[in-house]
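This report walks through a few local features of one protein chain, taking them one region at a time. Please keep the sequence and the structure in view while reading.

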Amino acid sequence: MNRLLLACSLLLLTPAWGQSPNGDALFRQLEDELPTPTSTRAASGAPGHDYWQQRVDYAIEASLDESTHEIRGKERIAYTNHSPDTLRYLWVQLDQNLEAPDAEALRIRTTDPVGKEAKKSYQELGFELMREAFPGGHTIEAVTDGAGQALAHRITGTMLRIDLPQLLAPGATQRLAIAWRYTVRDISTYYSRTGYERIKGDEQNAIYTIAHWYPRLAAYSDRYGWHVHHYVGEEFALEFGDFEVQLTVPADFVVAATGELQNADVVLTPTQRERLAAARTAEAPVFVVTPDEAKAAQASKAEGTKTWAFAARNVRDFAWAASRKYIWDAWGVKVGERTVMAMSAYPNEAEPLWSHYSTHAVAHTLEHYGRYLPYPYPVAWSCNGAVGGMEHPMVSFQSERPEPDGTYSAGQKYGLISVIVHEVGHNWFPMIVNNDERRWRWMDEGFNSFLQQVAEGYWEQDYPSRNDFRRERILGYMAKADDQPIMTNTSLLIEGGNNAYAKTTLALTVLREAVLGREVFDQAFSEYCHRWAFKRPMPADFFRTMEDAAGVDLDWFFRAWFYGTDHVDLAVTGVRELTLLTREPEVDKPRAKARAEAARQNGRLARNAKQPKRVDRHPGLRDYYNDYDEHAVTAADRKAYAELVEKLEPYERELLRLGRRIYVVDFENVGGVPMPLPLTFHFVDGTRETLQVPATVWRRSIGGKVSKLFLFERELARVVVDAEDVQADVNPENNAFPPAIRSGTLELTKEEEQPNPMQLEKQAAEEAAKQAEAPPEKE
């Protein structure tokens with residue numbers, strides 16, 4: 001049992017409620033901020049008994065023309081209205097219109113202010129010229145109903161409205177078809193989330209990473225109705241359904257896609273089919289298409305085309321990657337009683353990094369994200385291309401490669417592992433737990449970045465997580481005046497990376513490590529994942545579920561971290577040792593005399609003792625009080641003590657004889673975010689003890705300050721708050737009393753002299769002369 005004893009009273013002074021800006025205000029419940037629970041969204045955070053969501057099933061036939069980079073498609077759609085509302089029209093997302101010359105995203109694009117002598121990157125100016133010339137955007141060739149009758153429609157930006165010939169009643173299904181085409185953009189130089197890449201040195205072959213490529217039904221929800229936010233670069237809100245997709249591509253292409261391959265007997269050789277089957281039970285990844293086979297394919301293009309058929313069940317989207325340059329490896333990973341195929345597709349230029357790490361990173365993600373919610377799909381792909389990191393159901397894109405000579409840095413190695421864990425991890429958020437990325441980016445990127453960090457901790461000891469490297473930056477961001485709440489709509493975010501990714505990751509890490517503890521947090525977070533798998537949660541559903549499943553009031557935490565812009569800065573501002581007065585004169589008066597004599601031995605009084613005194617020269621000035629000893633024990637003192645003891649209860653007499661050291665420690669919430677006080681007490685004898693004071697101690701604060709009384713058997717040397725650095729405190733300098741001497745490093749530098757213009761000209765002339773004198777190179 002911990003021998004540290006806490007006094008029952010938390011404060012030496014009890015404030016009147018409402019006087020402190022850091023007290024009751026920060027612990028006010030979130031009832032005013034959260035929407036009222038309904039029959040579709042329960043007060044517990046679970047889906048209500050009337051919860052509903054729409055369903056959209058697709059059958060798509062599409063072809064890729066490698067010579068023009070054009071994709072043509074026809075899709076048949078079955079839209080089922082599970083809402084209680086009657087619909088007159090449907091909204092469809094045409095996300096490729098982001099690439100149209102008149103796209104809103106292009107028209108609202110800004111640049112940094114410039115002065116008289118401006119500097120801009122080649123990339124920025126080149127992008128503007130490229131967009132002027134590129135004929136991007138969807139061309140809609142036909143919109144018809146299930147019987148082939150044309151439907152009235154209107155395109156506005158990235159949204160297509162389809163007017164229905166008849167009202168779509170609750171429970172009814174509308175069938176329609178859309179024919180379309182668009183040109184895929186070269187993203188080798190100018191980045192986009194989708195496009196094709198030509199690798200330097202092999203420009204005749206392309207790698208296609210294709211996403212948001214077909215017209216997709218917009219989401220319709222109980223909270224917002226139609227989700228009609230236009231696409232200007234943020235991500236997506238979609239409905240679940242089944243997909244049957246046929247992709248016609250050059251005959252020597254390898255295709256990785258959402259869903260299971262349905263016609264391996266048509267598109268794969270017998271040897272490749274045997275390898276794929278063997279991979280299901282292999283001990284390590286198996287090549288389905290080997291590096292040598294990929295080299296041979298890219299060396300001589302095959303004639304004709306092949307059609308790859310895929311089927312995907314209960315997904316919200318479909319994406320694919322294709323190239324004749326692709327190596328393909330696969331590995332069967334056990335997920336419960338099922339086998340999931342973890343697979344990777346990559347060119348030889350990605351070797352040896354990809355064959356060594358990619359599929360292992362996919363398998364690692366399935367294992368450790370799966371602790372919160374088992375992966376429900378049959379395959380999980382990692383595909384290399386120009387897209388730096390992008391997620392889709394069952395398939396993800398990432399661009400990291402080694403150097404051309406095959407070497408790679410530690411940053412490239414861990415960068416690849418991390419981006420794969422992150423992008424494959426997006427299968428959980430938002431592909432399974434289907435949050436609205438266009439409104440609440442943190443529910444997508446923040447949750448996923450947090451679980452990425454958790455999973456990285458299982459890869460190897462001291463894994464260099466990029467979230468650890470971001471920590472100082474995000475702490476600085478949170479301390480800035482222009483910090484935004486996490487609960488900021490995606491379209492209004494100024495620093496999305498710092499806010500939606502890093503700040504949310506930090507908030508969840510603090511909640512797991514410092515507030516709830518890992519076991520309670522993991523159980524509650526898993527409950528959230530299970531409740532909202534294949535459904536569309538809102539922020540309130542998350543907040544309420546975490547409280548409901550953890551059994552802890554967390555409104556104070558969510559208010560501070562998600563709705564506020566304060567930061568964590570807890571300080572130990574003072575420690576005072578108190579000597580207990582026993583009231584026994586033989587004990588207290590000698591102690592008081594010793595303190596008085598000690599005071600006279602220091603400073604001014606000690607120096608005054610050496611000075612000549614008037615009373616010594618004139619003894620007549622002395623009287624009774626010159627010889628009076630206020631610390632002498634008198635009969636009156638003894639009588640008063642006896643009378644006091646007689647009146648005391650037995651437990652009160654015991655307290656007067658308490659042989660403990662008494663300390664009062666002062667704390668201040670400088671940053672404004674209320675947090676627990678994880679305390680470490682260091683004692684003079686070299687021992688130490690720890691204690692966690694709940695965050696609710698700050699309910700009683702006055703001006704952000706509280707004091708607590710502690711009883712110890714040993715002499716206290718130092719008090720430290722958050723010694724393990726788990727609370728994201730922006731200023732550790734004030735976390736201890738007395739403060740520690742902090743160490744650092746000093747590097748001496750010397751400025752190098754720069755050559756003047758005459759010297760540069762002379763050097764250039766000398767170099768030219770040497771080149772002129774050199775013998776010509778032999779051919």
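Tyr628 has its place in the loop between helix H17 (614-617) and helix H18 (635-647). The model is a predicted one, and every value in this report is to be read with that in mind.

Is Tyr628 buried or exposed, or does it fall in between? Because its relative accessible area is 45%, and the partly exposed class lies between under 20% for buried and over 50% for exposed, Tyr628 counts as partly exposed. Together with Tyr624 and Tyr625, Tyr628 makes a nonpolar surface patch of about 430 Å².

Helix H11, which runs over residues 496-516, has a kink of about 30° that is centred on Ala502. This helix is mostly covered, since 18 of its 21 residues are buried, and just after H11 comes Gly517, which takes a positive phi of about 90°.

Helix H14, made of residues 555-563, is also mostly covered, with eight of its nine residues buried. Among these buried residues are Trp556, Phe557, Phe558, Trp561 and Phe562, and the list also includes Asp555 and Arg559.

## The largest pocket

Rolling a probe the size of a water molecule over the atoms shows where empty space is left. The largest pocket has a volume of about 850 Å³, and 29 residues line this pocket, of which Leu98, Ala105, Val232, Gly233 and Glu234 lie nearest its centre. The elements that give two or more residues to the lining of the largest pocket are helix H1 (104-107) and helix H2 (122-133).

Methods
Residues numbered from 1 in each chain as written. Predicted model: local features only at pLDDT ≥ 70, side-chain atom pairs only at ≥ 80, totals over all residues. Heavy atoms only, no water. Bend = angle between axes of the 7 residues up to and from the residue. Helix = DSSP H or I, 4+ residues; strand = E, 2+ residues; numbered from the N terminus. Buried < 20%, exposed > 50% of the residue type's maximum accessible area, 1.4 Å probe, protein only. Patch = residues over 30% accessible without salt bridge, like charges linked within 9 Å, V, L, I, M, F, W, Y side chains within 5 Å. Areas by Shrake-Rupley, 256 points an atom, 1.4 Å probe, with all protein chains shown as cover. Salt bridge = Lys/Arg side-chain N within 4 Å of Asp/Glu carboxyl O. 1 Å grid on protein atoms, 1.4 Å probe; cavity = no way out; pocket = protein on both sides within 12 Å on 5 of 7 lines; lining within 4 Å. Points joined across faces, edges and corners; volume = space filled by probe spheres on them.
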